Amino acid sequence: MHIVLVEPEIPGNTGNIARLCAGTGMDLHLVRPLGFSTDDKYLKRAGLDYWHLVNVHYHDSFADVQKQYEGHPFYFCTTKAAHIYADIAYTTDVFLVFGKETAGLPKSLLAANEEHTIRIPMQEGARSLNLSNAVAVVAYEALRQNNFVDLCLAGIGCGGSDHI
């Protein structure tokens, strides 16, 4: 499974998502331009000492991601989607795509992929969840649907750890 962040702006969010990827074995794809340096102390602090466990891919555009991984399913998270994230049947080769914190995904990208847009239900009047929280919600639903297979095979999260 793959998490794609299109032009992320806040290093702490990206660091938190990197930590999620480290704990779940998901690949992290960062689409430039990034709103921070990958040497940013906040990015590193949020990811703690997990960066060596993350398979990070850097891309110059989202079109590069689509071209490189043609044939894989892509789902685009937006507050304006008709489909609820939990109603999708995810496969283990899925790409979960999220936009930048201040603007989300480009409207043209959403329009071109309307049937593959998903949303997290929220109370009316709430704009959106924090990016790292939204990624965690959708990522763990995809993992749950696949019986956490990769995590249990790797011995992660199956032994009743006392750490969260």
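## Salt bridges

A salt bridge here is a side-chain nitrogen of Lys or Arg within 4 Å of a carboxyl oxygen of Asp or Glu. The side chains of Asp60 and Arg32 meet that rule, at 2.9 Å from N to O. Asp60 sits in the loop between S3 and helix H3 (62-68), and Arg32 in the loop between S2 and helix H2 (41-47), so the pair ties together parts that are 28 residues apart in sequence. Asp60 is exposed, at 57% relative accessible area. Arg32 is partly exposed, at 35%. The cut-offs are these: buried is under 20% relative accessible area, exposed is over 50%, and partly exposed lies in between (1.4 Å probe, protein chains only).

The count of salt bridges comes to three. Another joins Lys100 to Glu7 at 3.2 Å, N to O. Lys100 lies in the loop between S6 and helix H4 (107-112) and Glu7 in the loop between S1 and H1, so this pair links parts that are 93 residues apart in sequence. Lys100 is partly exposed, with a relative accessible area of 25%. Glu7 is partly exposed too, with a relative accessible area of 25%. Arg144 pairs with Glu141, the closest N and O atoms being 2.7 Å apart. Both lie in helix H5, three residues apart, about one turn of the helix. Arg144 is partly exposed at 45%, while Glu141 is buried at 10%.

## Model and conventions

This is a predicted model: local features need pLDDT of at least 70, side-chain atom pairs count only at pLDDT 80 or more, and totals for chains, interfaces and linings use all residues. Residues are numbered from 1 along each chain as its sequence is written, and side-chain values use heavy atoms, with hydrogens and water left out.

## The sheet

Seven strands form an open sheet with parallel pairing, in the order S3-S2-S1-S6-S4-S7-S5. Helices (H or I, at least four residues) and strands (E, at least two) are DSSP runs, numbered from the N terminus. Two strands pair if DSSP finds at least two bridges between them. Strand S3 (56-59) and strand S5 (83-84) are the edges, each pairing on one side only. Strand S1 (residues 2-6) runs parallel to strand S2 (residues 27-31), and five bridges join them. Val6 stands opposite Val31 in S2.

S4 pairs in the parallel sense with S6 over three bridges and with S7 over two bridges. Phe76 has Val97 as its bridge partner in S6 and Thr117 as its bridge partner in S7. Both faces of S4 are covered. Phe74 and Phe76 are buried on one side, Tyr75 and Cys77 on the other.

Helix H5 (residues 131-145) lies across S1, strand S4 (74-77), strand S6 (95-98) and strand S7 (117-119). H5 runs at about 160 degrees to S6. Axes are lines fitted to C-alpha atoms, for helices over the stretch in contact, and angles run from 0 to 180 degrees between N-to-C directions. Contact means heavy atoms within 4.5 Å.

## Nonpolar cores

A nonpolar core is a set of buried Ala, Val, Leu, Ile, Met, Phe, Trp, Tyr and Cys residues joined through side-chain atoms within 4.5 Å. The largest has 29 residues. Ile3, Leu5, Leu28, Tyr90, Leu96, Phe98 and Val138 touch the most other members. S1, H1, S2, S4, S6 and H5 each give two or more residues to this core. H5 gives the most, with seven residues. A second, separate core has 13 residues, including Val4, Phe76, Val97 and Leu105.

## Tyr90 and Asn146

Leaving aside neighbours within four places in sequence, Tyr90 is in contact with residues including Tyr75, Leu96, Ile118, Val138, Glu141 and Asn146. Asn146 lies in the loop between H5 and helix H6 (149-154). Asn146 is buried, at 16% relative accessibility.

The side chain of Asn146 reaches the backbone oxygen of Tyr90 at 3.2 Å. That is a polar contact: a pair of N or O atoms within 3.5 Å, where within protein one must be able to donate a hydrogen and the other to accept it, and residues adjacent in sequence count only if both atoms are side-chain atoms. Not counting residues up to four places away in sequence, Asn146 touches Met1, Tyr90, Thr91 and Thr92.
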